[in-house]
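Subject: Structure handover

Hello,

Here is the structure you asked about. Please open it first, then read the notes below.

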Amino acid sequence: MQLTRKRVLISVAVVTLGAIATTAAAQGRVLARVSQYTERRGSLRTDATSPEVEGQVKIGPVTAALGWEADFITSATIPVVDAPVDVDGITSATQMSDERHAFRGGVAWEVSRAVTLRAGYRYGFERDYRGHAPSIGLSWTSEAQLTTLDFDYTLSIDGVCDTSLNDGVSPTERLALANANGCFSDRSDNRVTQSRVANLGRFSLTQVLRPEVIVQLAASFLREDGFLSSPYREVWLGTLAAQEHHPDRRMRAAGSAEVRIALEDLRAFVALRLDASHDDWGITSGAGTLSWTQKLGAGFRLGFRIRGYTQSSAAFFSDDYVSNPRGAYFTGDRELSAMHAWGGGLRLSYRHPGAGVLRGFRAVLLADATHNQYPAFRYSNNRVPGGAYVVVSLLVEAELGRAPESP
Amino acid sequence: MRSLLLIMTFTCVSCVSVAPWEREYLADPAMTFGSEEAEDAPVQHARDYREGGANAGATRAGGCGCN
């Protein structure tokens, strides 16, 4: 805990001081955010506290950014999913805690009025996970600034800790990882690193239709290869429990459409967004989000949002692999069962125009609640209670630097 | 279908005209896609782990052993 606190303080200090120092000689911004995630499902509870800082500096046509974020998680963990009838999966749950850190950096270069190139890199790590994610991007804006095309590509190369006892063992005899002790350590001979590679391409078209109407169409394609299971989950197969076994490839296509409209008479903005996706595991999902932003005056705004989500289950999902096996694969992941979610949120924001070196200031307080239902998922003989999670976050952002010199 | 989409896109592009003095609303952050990305990130991060098909346009930032 002592080491963690020191690591957090050093990260915050480096990013913040670096950003402030560089913005003294140029233009930039500093962002800090903290959020709290709280989830309840019956007696099961998960909490996560997530701080983040980011510094950005703009010198001429080049903008550089550096950031750090973390999750400090405490959660109930179910020992065996779909265990025999005499094992109560919920009351036998134990507590686990973990933390995730991610550092990121990026550069954007405005090559011309029309073209911007981007490149970035992210490194994330936990006790049982390592991930490298380089990315590149390109934006093109028409001369009249009515049409924008964006293309982004991200490559994720991850390492996931697993037990070496599973080497050369058939899937139905593999053991779940008991804990993260010894992961990524040369001194441990009972841990191995499983690889996972993800390729993500995303394309979007943003088009102004009228002075008060703008739309965006986006499409993305994601391909994941490697170890795509959770090393910790076990599934009851009749005579024993085995580590969940997912296919080693997943391909997913997704699309979205969003329209935003300014309502002059009401001093408000309304947005409607539709999302859909389909993957080769058999999951088809759809979501709709309606947002309203109301100007209150004196720099304050109040936003409302409602959202609904539904998905089908993966083809290999079953709530009982003893009586209803679904081929070669088995999963204990409730997010692969058919599920529905609905929720809404409030957002209060304040923007100040700033003065002197402080060229602008913004603060946003956000609260968002979501109710999830998993009608087909059970922990042993227990139907999983519908759960809800709440995310509360506070963000502050300051724009710093000298005002541009007059010609 | 693709041809129809392309035709619709270019039709839209060619018929729209917005004068500089009409850009007040378009310049507002509420009309800028991605302007809420930083404040929405915690909510999106939660959805990544709680919905099997959510945020299909992004890779997960990390793993988690929690159920």
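**What was found**

Chain B has two helices and zero strands. Helices (H or I, at least four residues) and strands (E, at least two) are DSSP runs, numbered from the N terminus. This is a predicted model: local features need pLDDT of at least 70, side-chain atom pairs count only at pLDDT 80 or more, and totals for chains, interfaces and linings use all residues. Residues are numbered from 1 along each chain as its sequence is written, chains are lettered from A and ligands numbered from 1 in the order in which they are written, and side-chain values use heavy atoms, with hydrogens and water left out.

**The two chains**

Of chain B's 67 residues, 48% count as buried. Buried means under 20% relative accessible area, exposed over 50%, and partly exposed in between (1.4 Å probe, protein chains only). The accessible surface of chain B is about 3600 Å², and 62% of that belongs to carbon and sulfur atoms. Accessible areas come from the Shrake-Rupley method with a 1.4 Å probe; for residues, only the protein chains shown count as cover.

Chain A has one helix and 20 strands. It has 407 residues, and buried ones make up 44%. Its accessible surface comes to about 19600 Å², with 61% from carbon and sulfur atoms. Take the contacts (heavy atoms within 4.5 Å) in chain A between residues at least 6 apart in sequence: 61% of them join residues at least 24 apart.

**The interface**

How many residues of chain A are in contact with chain B? The count is 77, and they meet 45 residues of chain B. The area buried between the chains is about 5100 Å², of which carbon and sulfur atoms give 55%. Buried area here is the accessible area (1.4 Å probe) that two parts lose on being put together, summed over both.

Nine salt bridges are counted between chain A and chain B. Each is a side-chain nitrogen of Lys or Arg within 4 Å of a carboxyl oxygen of Asp or Glu. One salt bridge joins the side chains of A:Arg305 and B:Asp40 (3.3 Å, N to O). Strand E8 (residues 191-210) of chain A gives the largest share of the side that touches chain B, nine residues.

**Two residues to look at**

A:Gln216 lies in strand E9 (residues 213-226) of chain A. Is A:Gln216 buried or exposed? It counts as buried, because its relative accessibility is 11%. Its side chain makes a polar contact of 2.8 Å with that of A:Thr206. A polar contact is a pair of N or O atoms within 3.5 Å; within protein, one must be able to donate a hydrogen and the other to accept it, and residues adjacent in sequence count only if both atoms are side-chain atoms. Leaving aside neighbours within four places in sequence, the contacts of A:Gln216 include A:Arg202, A:Ser256 and, from chain B, B:Phe33.

B:Glu22 is in the loop between helix H1 (2-15) and helix H2 (37-50) of chain B. B:Glu22 is at 30% relative accessibility, so it counts as partly exposed. Leaving aside neighbours within four places in sequence, B:Glu22 is in contact with A:Pro211 and B:Ser17. B:Phe33 is eleven residues from B:Glu22 along the chain, and their C-alpha atoms are separated by 19 Å.

Best wishes
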